[in-house]
Amino acid sequence: MKKALSLNKYHRISKKELPDVIKMLLRGFILASLINESRKIQFDFPGNFYLWIHCKKVDPILLKKIVESYNLFLDPRDGS
């Protein structure tokens, strides 16, 4: 919980801190997005048991296979 209080907007976290930060996100202690600018991927945890992944470099066919194999929901809007 101490770590949650020390986080702020645009806070950079290390790979070592990532598991604890994700636990805090999933348990609702914090609301945040995890962004890797160099790989152009963003993970949003909106606090309602959803995980939004934004990535423009994923092959649509591969993405559809992943979604189907894990029984996930794929937002039908493309390009956003």
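In the hairpin of strands S1 and S2, Lys40 takes a positive phi near 55 degrees. Four residues lie between these strands. The model is predicted: local features need pLDDT of at least 70, side-chain atom pairs count only at pLDDT 80 or more, and totals for chains, interfaces and linings use all residues. Numbering starts from 1 along each chain as its sequence is written, and side-chain values use heavy atoms, leaving out hydrogens and water.

S1 (residues 32-36) and S2 (residues 41-45) pair in the antiparallel sense over five bridges. Strands are DSSP runs of E, at least two residues, and helices are runs of H or I, at least four, numbered from the N terminus. Pairing requires at least two DSSP bridges between two strands. Leu34 stands opposite Phe43 in S2. S2 also runs antiparallel to strand S3 (residues 52-55), joined by four bridges. Here Gln42 stands opposite His54 in S3. The hairpin of S2 and S3 has six residues between the strands, and Gly47 takes a positive phi near 90 degrees.

Helix H2 spans residues 18-26. Its buried residues (under 20% relative accessible area, 1.4 Å probe, protein chains only) are Val21, Met24 and Leu25. Seen down the axis of H2, they fall within an arc of 100 degrees, so they line one face of the helix. The arc is taken from the directions from the helix axis to the C-beta atoms. Just after H2, Gly28 has a positive phi of about 80 degrees.

The largest nonpolar core comprises six residues: Val21, Met24, Leu25, Ile30, Leu34 and Phe45. Such a core is a set of buried Ala, Val, Leu, Ile, Met, Phe, Trp, Tyr and Cys residues joined through side-chain atoms within 4.5 Å. H2 gives the most to this core, with three residues.

Key: Buried < 20%, exposed > 50% of the residue type's maximum accessible area, 1.4 Å probe, protein only.
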